[in-house]
Amino acid sequence: MAEDPQRNFRSAYYEKVGFRGVEEKKSLEILLKDNPLDVEKLSTFSQRFPLPSMYRIHVWKVLLGILPPHSDSHPLVARYRREQYMDVIAALLAMRFVHAATPYTERCLRMHQLENQQLPRRSELAQPGEEDEDFLAIARAMEEIVEDPVDCYWLIRCFVNQFNHKFGDSIPHLPKSLEHFLSQEDNRLLAHMKATGSLVMLPYSLWFRRCFAGCLPESSLQRVWDKVISGSCKILVFVAVEILLSYKIMLLGMSRPEAIVNFLSNMPQENTDAIVTKAIDLWHKYCGTPMHSV
């Protein structure tokens, strides 16, 4: 689609005077008035721009298939989703897999297991183990982002299912991608990571399987998840690269791989918005910027 010079001028002006995103918000509002919603255009928008917080949850629900493209059906579908949520909770309570004091994220895990036919036998039921920690980490982060417990459950479930289905085969290859892009950005840092033996020990599960849940604060994390939910797991690589670049001086001063991994697994939280912004710029630099189709 041809670029609109007038729109480009307005966007540049708004950004110059400190109102970055004004035009993008208007563009998203236009997209959300379509009936049916154009999921591909919403996905493209989410790839190119951060979602305004007031529309984020709604767009996520559409992109994850929780709500259908036809807006007229949203109230009915939302009611069905709520009823299903209540039915599954009631079943788990009746079977004594959960009880009134069970933490919300553990309830979500048991609901997810039941609906995916992975619920263990009642006699074999134990506390969630290491194999459940990826799900629980994502659930804890989503619980901080989403207020409504029904919406939160569906977003957790559909996010995890989509991520595993679309990107499950790609996840094992992301560490190699990180090595490649880090070599493009800072070969000296890469050489140091290799020499110390820390490259192979980086917290890849925290970064890639948990999509930075438990690593980044939710205010920064949701901007990364905008990109993951709209179709890119490669953004995770660039966030990891930018974390390494942002703490380059500190990392170059460490020689023990355990110290490096411990620092990166418990990194400071005050600089994360800037890290994510730079990571998105880096992602666009190497992977291109999707055409905005409004």
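# Helix packing and buried residues

Student: What percentage of the 294 residues of the protein count as buried?

Tutor: This is a predicted model, in which local features need pLDDT of at least 70 and side-chain atom pairs count only at pLDDT 80 or more, whereas totals for chains, interfaces and linings use all residues. Residues are numbered from 1 along each chain as its sequence is written, and side-chain values use heavy atoms, with hydrogens and water left out. Buried means under 20% relative accessible area, exposed over 50% and partly exposed in between (1.4 Å probe, protein chains only). Of the 294 residues of the protein, the buried share is 47%.

Student: How many helices and strands does the protein have?

Tutor: Helices (H or I, at least four residues) and strands (E, at least two) are DSSP runs, numbered from the N terminus. On this basis, the protein has 16 helices and 0 strands.

Student: Are helices α4 and α8 parallel or oblique to each other?

Tutor: Axes are lines fitted to C-alpha atoms, for helices over the stretch in contact, and angles between N-to-C directions run from 0 to 180 degrees. Helix α4 (residues 53-63) packs on helix α8 (residues 149-167) at about 45°, with the axes 10 Å apart. Angles under 35 degrees count as roughly parallel, over 145 as roughly antiparallel, 65 to 115 as roughly perpendicular and the rest as oblique. The two helices are therefore oblique.

Student: How many nonpolar, polar and charged residues are in the contact of α4 with α8?

Tutor: Contact means heavy atoms within 4.5 Å. For classes, Ala, Val, Leu, Ile, Met, Phe, Trp, Tyr, Cys and Pro count as nonpolar, Asp, Glu, Lys and Arg as charged, and the others, Gly among them, as polar. From α4, Ile57, Trp60, Lys61 and Leu63 meet Asp151, Leu155 and Gln162 of α8. By class, this contact has 4 nonpolar, 1 polar and 2 charged residues.

Student: Is the crossing of α7 and α8 left-handed or right-handed?

Tutor: The axes of α7 (residues 133-145) and α8 come within 10 Å and cross at roughly 140°. A crossing is left-handed if the near helix is turned anticlockwise from the far one by less than a right angle, and right-handed if clockwise. The crossing of α7 and α8 is right-handed.

Student: Which residues in α8 meet α7?

Tutor: The partners in α7 are Phe135, Ile138, Ala139, Met142 and Glu143. The residues in α8 that they meet are Cys152, Leu155, Ile156, Phe159 and Val160.

Student: At what angle do helices α5 and α6 pack?

Tutor: In α5, Gln84, Tyr85, Val88, Ile89, Leu92 and Leu93 meet Tyr104, Arg107, Arg110, Met111, Leu114 and Glu115 in α6. By class, the contact comprises 8 nonpolar, 1 polar and 3 charged residues. The axes of α5 (residues 74-94) and α6 (residues 104-115) are 10 Å apart, and the packing angle is about 95°.

Student: Which helices do the buried residues of α9 pack against?

Tutor: In α9, Leu174, Ser177, Leu178, Glu179, Phe181 and Leu182 are buried. These residues pack against α10 (187-196), α11 (204-209), α13 (234-246) and α16 (272-287).

Student: Which residues is Arg157 in contact with, leaving aside its neighbours within four places in sequence?

Tutor: Arg157 is found in helix α8. Its relative accessible area is 14%, so Arg157 is buried. Neighbours within four places aside, the contacts of Arg157 are Gln84, His112, Glu115 and Asn116.

Student: How many Å apart in space are Pro203 and Ile260, C-alpha to C-alpha?

Tutor: Pro203 is found in the loop between α10 and α11, and its relative accessible area of 9% makes it buried. Not counting residues up to four places away in sequence, Pro203 touches Val261, Leu264 and Ser265. Pro203 and Ile260 are 57 residues apart in sequence, while their C-alpha separation in space is 9.9 Å.

Student: Is the peptide bond from Asn35 to Pro36 cis or trans?

Tutor: Most peptide bonds are trans. Pro36 is placed in the loop between α2 (22-33) and α3 (39-48). With omega near 10°, the bond from Asn35 to Pro36 is cis.

Student: Is Phe212 buried or exposed?

Tutor: Phe212 lies in the loop between α11 and α12 (218-229), and its phi is near 70°, a positive value in a residue other than glycine. Arg96, in the loop between α5 and α6, has a positive phi of about 65° and is exposed, with a relative accessible area of 60%. Phe212 has a relative accessible area of 0% and is therefore buried.
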